[in-house]
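Please keep the sequence and the model side by side while reading. The paragraphs below move from one part of the chain to another and name each residue as it comes up.

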Amino acid sequence: MNLELKGKNAIITGASKGIGRSIAETFAEEGVNVAICARGEEALRSTAKELLKKGVKVYAESCDIGDTEKFEAFLDKVKSEFGSVDILVNNVSALSLGEEYSNWEASINIDILASVRATQKVVPWMIKSGSGNILFISSISGLEAGSPAAYAASKAALISYSKTLSAQLACKNIRVNTIAPGSVEFSGGLWEMAKKHDRPFYDRALSTIPFGRMGRPEEIAKVAAFLVSSCASWVTGTCLAVDGGQHKSN
């Protein structure tokens with residue numbers, strides 16, 4: 001199946017590790033030029049180095065997307081470097097799992113408002129070019145009760161925002177979709193740490209997955225590539241769970 005993505009330009013936030021990095025790698029393998037940002041300079045540079053090996057243009061910048069001025073400067077720089085932005089993947093998350101007010105602030109500012117900021121920035125560029133794809137990385141925590149409240153609420157908000165945008169932007173030939181991953185294990189991630197330091201917590205999560213294993217970042221990334229491709233040209237406003245059957249809601 002030809003995804004027809006070669007030569008497209010994409011921005012992926014929070015792309016130095018885990019799901020974001022895997023999405024960037026998968027896009028690059030399909031011939032997509034990728035712009036990535038994250039706070040960790042070392043991991044970001046390592047990711048950029050690997051992406052360059054795939055023969056595409058790469059722009060990487062260390063950026064705290066909670067800093068409005070710096071984040072908008074990053075987005076403007078990508079537009080200047082690439083000329084256009086065809087795909088935006090709002091992947092970054094504060095992963096704030098506590099119940100304090102500060103956890104709510106972090107979830108709202110990073111998960112929601114930074115995604116809104118990026119979206120509002122690139123939509124006029126996409127309208128001018130005549131098409132575009134926006135993809136939000138949410139979570140199955142946004143689909144049902146049981147997860148830390150601030151995190152779950154922010155992920156639910158992304159699903160709602162994506163649905164509203166999809167209806168507003170369809171007439172502009174811009175598709176908007178959401179992926180809701182289940183528990184995904186990767187180096188340096190939450191579930192790898194839990195496996196090492198809190199095995200009962202890890203095993204409880206594992207027991208909720210019918211497949212009997214955690215997901216892998218590349219399993220999310222391949223779905224992301226499909227959703228932003230011409231193969232999904234009639235798909236918009238969808239929230240697709242990629243979770244091995246983990247969430248139980250209808």
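What follows treats helix packing, salt bridges, a surface patch, backbone angles and a few distances in turn.

This is a predicted model, in which local features need pLDDT of at least 70 and side-chain atom pairs count only at pLDDT 80 or more, while totals for chains, interfaces and linings use all residues. Residues are numbered from 1 along each chain as its sequence is written, and side-chain values use heavy atoms, with hydrogens and water left out.

Two packed helices are described by the angle between their axes and the distance between the axes. Helices here are DSSP runs of H or I with at least four residues, strands are runs of E with at least two, and both are numbered from the N terminus. The axes are lines fitted to C-alpha atoms, for helices over the stretch in contact, and the angles run from 0 to 180 degrees between N-to-C directions. For α4 and α5, the axes come within 8 Å and cross at roughly 20 degrees, and the two helices are therefore roughly parallel to each other (under 35 degrees counts as roughly parallel, over 145 as roughly antiparallel, 65 to 115 as roughly perpendicular, and the rest as oblique). The axes of α1 and helix α8, which covers residues 217-227, also come within 8 Å, but cross at roughly 50 degrees, and that makes α1 oblique to α8. The crossing of α4 and α5 is right-handed, and α1 and α8 likewise make a right-handed crossing; a crossing has this hand if the near helix is turned clockwise from the far one by less than a right angle, and is left-handed if the turn is anticlockwise.

Side chains of opposite charge can pair when their charged atoms come close. With a salt bridge taken as a side-chain nitrogen of Lys or Arg within 4 Å of a carboxyl oxygen of Asp or Glu, the count comes to 13 salt bridges. One of them joins arginine 21 to glutamate 25, with the closest N and O atoms 3.0 Å apart; because these residues are four apart in helix α1 (residues 18-29), about one helical turn separates them. Arginine 21 is partly exposed at 21% relative accessibility, where buried means under 20% relative accessible area, exposed means over 50%, and partly exposed lies in between (1.4 Å probe, protein chains only). Glutamate 25 is also partly exposed, with a relative accessible area of 21%.

A further salt bridge brings together the side chains of glutamate 29 and lysine 54, at 3.3 Å from N to O. This pair links distant parts of the chain, 25 residues apart, with glutamate 29 in helix α1 and lysine 54 in the loop between α2 (41-52) and β3 (58-62). Glutamate 29 counts as exposed at 56% relative accessibility, whereas lysine 54 is partly exposed at 33%. In helix α2, arginine 45 and glutamate 41 meet in a salt bridge of 2.6 Å, N to O, and being four residues apart they are separated by about one helical turn. Arginine 45 is partly exposed at 40%, and glutamate 41 is partly exposed at 39%.

Which residues make the nonpolar surface patch? Leu95, Leu97, Leu190 and Phe201 form it, with an area of about 290 Å². Patches are made of residues with over 30% relative accessible area and no salt bridge, with like charges joined within 9 Å and nonpolar side chains (Val, Leu, Ile, Met, Phe, Trp, Tyr) within 5 Å; accessible areas come from the Shrake-Rupley method with a 1.4 Å probe, and for residues only the protein chains shown count as cover. Phenylalanine 201 lies in helix α7 (residues 199-206) and is partly exposed at 31% relative accessibility. Leucine 95 sits in the loop between β4 (87-90) and α4 (101-129) and is partly exposed at 42%.

Most residues other than glycine have a negative phi. Asparagine 173, in the loop between α5 (149-169) and β6 (174-181), has a positive phi of about 65 degrees, although it is not a glycine.

Finally, serine 160 lies in helix α5, and its C-alpha atom is separated by 13 Å from that of threonine 236, 76 residues apart along the chain.
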